[in-house]
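My notes follow in the order in which I looked things up.

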Amino acid sequence: MVKVLLWGTLRSAADGQAEVEVEAGTFKELLDELASRYPGLEPQIRRGVSLALDGKIYREAWFTEIGPDSEVVLMPYMTGG
Amino acid sequence: MALDAYQKREFKQVGTRPNRPDGVDKVTGRAMYGADATAPGMLHAKILRSPHAHARIVSIDTSAAEALAGVKAIVTAADFGVPEDDFLRDVQDHCMARGKVLYDGHAVAAVAATTIAAAKAALKLIKVEYETLPHVTDVDAAMKPGAPVVQAGRAYENVPAGMSENVTHHCEFGHGDLDAGFAKADRVVERHFKTAATHQGYIEPNACLASVTSDGKAELWVCTQGQYFYRTLCAALLGMEASQLRVTASEIGGGFGGKTMIYMEPVALALSKKAGRPVKLVLTRDEVFRATGPTVSSSMDVKIGMTKDGRITAAQARLCYSGGAFPNTTVDMGAQAAFAAYDLDAVQTLGWNVMTNRPKESAYRAPGAPLSIYAVESVVDELCQHFGLDPLAVRLLNAADKGTKSSYGPTFDQIGLKATLEAAQAHPHYTAPLGPNQGRGLSCGFWFNFGGNTCVSLNVNTDGTVGVTEGNPDIGGSRASISLMAAEELGIPYEKIRTIVADTSSLGYNDVTDGSRVTFAVGLATIKAARDAIRKMCSRAAKIWGIDEEAVEWVDGAAVPAGPNAGKFPPMTLAEIAAVSAETGGPIAGHYEVNADGAGVSFGVHLCDIEVDPETGATKVLRYTVFQDAGKAVHPSYVEGQMQGGAVQGIGWALNEEYIYGTDGRLQNAGFLDYRIPVASDLPMIDTVILEIPNPGHPYGVRGVGETGIVPPLAAIANAVSRAVGVRMTELPMSPPKLLKALEAKG
Amino acid sequence: MQYVAAKTADEAVALLVGQSGMARVLAGGTDLLVQLKSGMVEPDLVVDIKRIPGMKDITAEAGGFRIGAAVSGAELGEHAGVCAMWPGVVEGFNLIGSTQVQGRATMAGNLCNASPAGDAVPSLVAADATARVHGPNGARDVAILGIPAGPGRTTLAKGEIITSIFLPARPARASDAYLRFIPRTEMDIAVASAGVSLVLAADGTVESARVALGAVAPTVLLAEEAAKAITGTRLEEDALARMAAACAAICKPIDDKRGTVEFRTKTAGVLAKRAARIAYDRAGAKK
Amino acid sequence: MKTIHVSTTINGDPAEFICTPDETLLDVLRNRLGLTGAKEGCGTGDCGACSVTVNGRLVCSCLVLGAEAQDADISTIEGMADGDTLHPLQRAFIEHAALQCGICTPGILVAAKALLEKNPDPTDEELRYWLAGNLCRCTGYDKIIRAVQAAAAEMRGA
């Protein structure tokens with residue numbers, strides 16, 4: 001199980017929780033699991049999310065491995081100028 | 001340790017300042033920009049634009065224009081489909097209004113004709129019947145109940161019920177107990193801020209040359225920050241296959257984020273398709289201001305609590321951004337960046353995006369961050385002044401560091417903020433004397449930085465030279481940086497490398513030149529492509545010597561036996577291996593394709609001295625110093641250039657740049673005369689101090705440097721003004737009439 | 001559109017009179033070409049007056065100088081005689097646009113463009129300069145203040161062109177200055193401006209003064225009360241304050257994208273004070 | 001619109017072209033003569049990217065009619081180098097990294113050359129005011145000022 005920190009706006013779609021635990025070994029598994037457990041997160045996942053794994057931001061990369069002790073933070077998908 | 005992780009090394013070429021490879025072309029007028037290309041049989045296109053801020057298009061009659069001699073094609077929204085995907089539909093609707101015009105300058109029709117004069121004449125013959133609608137251009141007004149609705153039904157699921165339909169997006173970030181935090185403070189300051197939209201202000205107007213042939217093939221020559229993304233969008237909107245549309249990036253005359261999005265390229269392609277001839281479309285400066293680019297405008301509230309010894313106990317920001325007539329999420333980035341420089345126990349940022357009758361916002365250097373950080377850094381400075389605390393010491397006391405849980409969630413790895421603050425503290429600028437009506441301001445800045453999709457192909461030529469093919473337009477000397485990294489890795493002189501920017505048919509997908517990503521990600525891919533080529537060259541040497549591949553290593557540009565057991569062979573240079581490549585197995589090339597992550601966040605600190613003329617409210621910038629962490633400055637001149645250019649754009653944003661709308665909803669200053677970007681005589685030298693705290697995610701330690709520099713100037717100048725004349729400017733720009741009014745109100 | 005480079009003033013006048021549609025005079029073109037580009041005007045005829053003999057000449061006349069209508073800012077700025085005698089006129093003119101614009105722009109053009117914010121005009125009004133107007137009925141001299149009728153409008157009749165501007169002779173201990181306020185240091189249109197011309201008495205008091213204000217009314221204003229406020233003084237603080245108040249009293253500016261009524265009114269007085277000090281120092285320095 | 005025939009001199013060579021009366025010199029250079037080194041950044045004289053000299057005077061070619069070029073002597077960026085030898089200003093711009101995107105560079109080089117011919121030893125302030133009509137959005141002007149001063153010093157020494 002990995003703990004995933006959700007940003008504030010997503011919490012209402014996850015029963016008000018700031019942090020949820022899901023079974024996932026990769027970024028892709030994590031997104032799939034989140035979308036199926038909390039359908040309210042699906043629109044934002046479709047628009048795009050980034051993943052901060054132990055402080056490093058990944059914008060895509062499905063197969064990024066997530067360890068059980070990793071710090072996992074969901075972030076909106078971001079662009080620069 | 002990952003293969004691409006940072007390894008400490010002594011650089012031989014990285015960190016030097018050789019001449020850029022495209023220099024001579026650019027100082028002799030030979031470099032080809034967007035508007036500089038021609039094609040046989042080329043037509044010229046012009047776009048008809050809405051004079052209304054908001055109106056229903058009742059009808060468009062193009063018959064008289066079509067009958068005009070020389071007119072070869074006219075397109076309107078009817079010539080495009082209606083994409084199902086929201087994002088694509090918005091992109092297209094921005095290029096050509098469908099049903100409604102949403103802002104002054106919105107395109108409604110376009111003409112291709114044999115001459116520019118004929119195209120202009122044809123525009124006048126197009127009859128558009130409008131039914132004008134109430135409009136709204138101010139972010140606060142657009143949020144009010146009963147405000148004119150720019151587009152209905154566009155709100156995301158995250159917007160709380162009961163808000164104006166113009167509110168399309170809501171976000172919230174942060175952690176900790178705000179109430180408890182504010183209760184611990186000795187003083188809590190809450191201020192309201194408002195900032196005007198600004199434009200990237202690139203000097204080259206958007207321009208393209210499109211050629212679509214009857215067999216479905218197409219060429220697009222265009223000034224862009226990302227030829228691949230332009231291809232993706234144009235192909236989707238025109239129903240073309242990506243392979244049939246070759247997009248070539250011209251030299252680009254500035255972008256700063258503004259050329260990461262298409263504005264009129266599909267229109268040129270559609271005209272070319274309809275006319276059966278190449279079509280050139282060059283925007284006027286007026287069109288650039290009215291229909292491309294601008295940033296969000298904002299209305300913000302920031303509340304910060306501080307103890308009397310300078311510790312921030314809680315911080316909160318409410319950000320309302322308007323990115324024009326379409327939904328966008330730039331406020332996400334502003335909200336996440338707002339408090340990134342601080343180590344906080346209790347922090348919350350709330351954001352809303354609001355639609356207004358203005359052009360669709362485009363990225364501009366660290367999109368969203370300059371505004372929110374301006375507001376935050378202003379309030380921090382006000383608290384420092386209240387307690388009589390040194391503003392640098394307070395920043396150091398509260399600075400985020402390795403291990404800090406950031407205000408947007410993740411825990412920071414190695415970051416350079418404290419070192420950057422310490423460099424500013426130790427710099428003579430910080431303690432230099434000031435005269436009357438002069439003040440010194442300070443601000444931190446932050447940007448995330450990104451990596452992204454990147455391909456590099458590196459070809460070893462038989463004469464011992466090397467060609468590097470990359471896919472990101474060179475917007476500020478990146479060919480030089482890429483060549484330097486290739487030279488460093490291969491161990492051959494910089495002069496032996498030539499780096500070119502490929503078209504979309506010559507290399508795999510590359511993300512847009514944005515997010516401060518090129519030197520980081522293309523550099524990473526170049527180093528890895530060079531390593532790929534080195535492996536192949538070692539293998540050739542091994543074959544020639546009749547030893548195992550593993551027994552050969554690459555030292556100073558040559559293959560050498562790895563140790564005494566490998567055999568005694570003299571080093572074989574790259575040139576020697578290349579010369580016999582045909583005989584040893586064929587051409588030698590290295591490749592690397594990656595979606596790079598680990599760009600590493602970037603912090604900067606700016607110091608500025610200004611003087612206010614108390615009788616006129618004019619602000620003069622006297623001295624300016626930028627401190628920023630580059631990880632590793634590959635070509636220091638171009639790193640300095642990014643910092644200087646970003647700082648001056650921020651100075652413009654702070655002092656004079658703004659989109660000014662009349663009560664009729666029309667843009668009043670669509671030109672360089674009244675959209676006032678800084679001129680040479682407005683400025684002092686911009687001093688730079690580059691720190692090099694290696695990014696653990698890059699083999700040479702490189703961090704992106706392009707965007708952070710625009711973030712701090714807004715607050716640095718506001719803080720300097722406050723310290724010079726005792727007024728806190730909470731509205732940008734701090735133009736002289738506003739500053740004089742504030743001075744008079746103060747008395 | 002037809003382009004004709006007239007060879008004489010009479011030819012230019014005849015061409016303008018003969019044109020039934022819209023006709024425009026081209027000298028420096030720095031306003032006209034911008035208007036053409038934006039489609040603001042679509043003239044049927046453009047008459048270039050630069051090739052008319054004398055149009056690019058600066059000649060000494062009656063102790064002052066006559067400046068041809070096509071003399072550019074760069075050319076006037078290089079004329080030592082005019083710069084010494086009328087530094088305020090030259091500095092006002094030389095503030096228009098960039099170095100590049102200075103290579104083309106003319107004082108007569110700035111006057112005929114009739115913008116209330118034209119930088120060449122306040123100093124010319126303060127200098128009591130005159131414009132020589134050529135028309136179907138011959139030539140006449142008109143005080144500068146008599147040329148603009150309102151924003152973008154002049155009093156010139158159909159077929160009339162300005163062929164030169166005359167700057168009168170100066171007594172000893174006289175000088176002038178011009179200041180404008182702009183948000184940047186260059187490249188902007190004046191938000192408010194002031195031209196001041198002073199003649200000093202032997203004792204260092206102001207014997208006579210002319211003060212003109214720009215961008216604070218539909219046309220440039222001659223601020224007679226402001227001039228009176230400093231006449232007979234050595235520009236003591238209270239005199240300057242009275243002058244600034246007198247300036248503010250006659251301002252009738254507008255709110256627009258470049259400035260507010262309040263800002264323009266306040267700034268005009270500040271600029272007049274500062275310009276008066278500069279002119280005073282220059283006049284005194286001449287001895 | 002009836003076209004006009006114009007004979008002129010560009011970069012020392014005789015040149016002839018036809019243009020319509022409303023075409024600017026910049027249009028003519030770029031579209032009729034293939035001299036695309038002068039850039040159109042605004043078309044209204046506010047950016048300086050189209051700078052050329054006409055009879056030795058620095059002007060914005062977007063504010064000159066093509067028809068006015070009759071018998072004139074015009075210099076553009078294309079004529080700045082002496083064959084394959086760069087002008088000291090051109091060299092200094094490359095060596096001092098005084099350009100990023102390069103779109104303003106031709107105009108700034110033409111303008112700076114005009115200044116140094118008039119004033120071989122300008123102060124930074126004189127230089128900044130001279131170049132105020134040449135907008136650069138990339139560099140913040142710092143390296144441009146340094147490059148011009150370096151070239152000026154070299155030219156004074158030569």
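I counted two residues as in contact if their C-beta atoms, placed from the backbone, lie within 7 Å. Chain A and chain C have no contact either, and there the closest C-alpha atoms are 26 Å apart.

I note the conventions here. This is a predicted model, in which local features need pLDDT of at least 70 and side-chain atom pairs count only at pLDDT 80 or more, while totals for chains, interfaces and linings use all residues. Residues are numbered from 1 along each chain as its sequence is written, and chains are lettered from A and ligands numbered from 1 in the order in which they are written.

**Chains B and D**

Which chains share the most contacts? Of the 4 pairs of chains in contact, it is B and D. I found 42 residues of chain B in contact with 41 residues of chain D. On the chain B side, α1 (23-27) and α18 (636-655) each supply at least two residues, and α18(B) gives the most, with 7 residues. I took helices (H or I, at least four residues) and strands (E, at least two) as DSSP runs numbered from the N terminus. By class, this side of chain B has 20 nonpolar, 16 polar and 6 charged residues. Nonpolar covers Ala, Val, Leu, Ile, Met, Phe, Trp, Tyr, Cys and Pro, charged covers Asp, Glu, Lys and Arg, and the others, Gly among them, are polar.

**Domains of chain C**

I read domain 1 of chain C as 2-115 + 130-167 and domain 2 as 174-286; the bounds come from an automatic or database domain assignment. Their C-alpha centres lie 25 Å apart. The contact takes 12 residues from domain 1 of chain C and 15 residues from domain 2 of chain C. On the domain 1 side, α5 (87-94) and β8 (148-150) of chain C each supply at least two residues, and the largest share, 5 residues, comes from α5(C). I sorted this side into 7 nonpolar, 4 polar and 1 charged.

**Fold of chain B**

I counted 20 helices and 27 strands in chain B. Its radius of gyration is 27 Å, close to the 27 Å that the globule rule gives for 747 residues, so chain B is as compact as a globular protein of that length. The radius is taken over C-alpha atoms, and the rule is 2.2 Å times the number of residues to the power 0.38. Along the principal axes, the C-alpha atoms of chain B fill a box of roughly 85 × 75 × 50 Å.
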